[in-house]
Amino acid sequence: MHIQDSHWSTASSASALAPGGTLSAAVGGGREVSRTTPLRVDAQRNLEHVLRAAREVFGELGYGAPMEDVARRARVGVGTVYRRFPSKDVLVRRIAEEETSRLTDQARAALGQEDEPWSALSRFLRTSVASGAGRLLPPQVLRVGVADEDAAVDGARVPHQRTQPGGELRLLTEPGTSVAAGASTGADDDAGAAALLEVVGQLVDRARAAGELRPDVSVSDVLLVIATAAPSLPDAAQQAAASARLLDILLEGLRSRPSV
């Protein structure tokens, strides 16, 4: 698995395509205003090709993969990619936001449709791993880690983890990152990541309270399971089998065992 960081600042003059195929443009104060003009059929088709290619390329090579690789996979010129997404940061944000939203929906579905806490957690993990989510987990989610109590770290705190030994789990942001005047600060990205961490925290809390999850397992451990159980292999059948096998092993490691 190759997960790499990406810088997340975008220029204020950049325009990007919002979900649904409409144009959005950054305006003063970092706000985005959607234009309701629909894309032409060929432009919409190119957008879909670019997004599909970006998911594949970033899934295989990480978010550090160049835009030229995305263009080649989409079978369009790199200029076409940049017309749709004025910078790589904009494209990375789009893919990461969509993946975060999809994972959050999967976690909520497991939480709402499974009565048994362990079944809910394992369902979420199996669904996420089967969808290849581990290869596209956003950097701000993967940076979940243990931070010292007095460390000056900005960002959303991961819920339900305040009793972990050695510090408090937080959602870490890029230290020292500068943002251009008028550019988006990534508040929407942080809100999406925080929503994901909140609902995964509920799955973890329920399974732990039921005595089915090891007491030392945290939200970050669950996210690492999703990332670890998503190897990138050239053969699709081999990849699916390897993911399923690895996840079975990791799930066994997460379960609590009765004391002898």
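Is Y63 buried or exposed? Y63 is buried, with a relative accessible area of 2% (buried is under 20%, exposed over 50%, partly exposed in between, using a 1.4 Å probe and protein chains only).

1. Ground rules. This is a predicted model, where local features need pLDDT of at least 70, side-chain atom pairs count only at pLDDT 80 or more, and totals for chains, interfaces and linings use all residues. Residues are numbered from 1 along each chain as its sequence is written, and side-chain values use heavy atoms, with hydrogens and water left out.

2. The ring pair. There is 1 aromatic pair in the structure. F58 and Y63 have ring centres 5.3 Å apart and planes at 55°, so they count as tilted (centres within 6.5 Å make a pair; planes under 30 degrees apart are stacked, over 60 edge-to-face, the rest tilted). F58 is buried too, at 0% relative accessible area.

3. Helix α2. Over residues 67-74, the buried ones are M67, D69, V70, A71 and A74 (helices are DSSP runs of H or I, at least four residues, numbered from the N terminus). They pack against α1 (41-61), α3 (78-84) and α4 (88-113).

4. α1 against α2. Their axes, lines fitted to C-alpha atoms over the stretch in contact, come within 8 Å and cross at roughly 125°. On the α1 side, F58 is among the residues that meet D69, V70, R73 and A74 in α2 (contact is heavy atoms within 4.5 Å).

Methods:
Helix = DSSP H or I, 4+ residues; strand = E, 2+ residues; numbered from the N terminus. Axes fitted to C-alpha atoms, helices over the stretch in contact; angles between N-to-C directions. Phe/Tyr/Trp six-rings, centres within 6.5 Å; stacked < 30°, edge-to-face > 60°.
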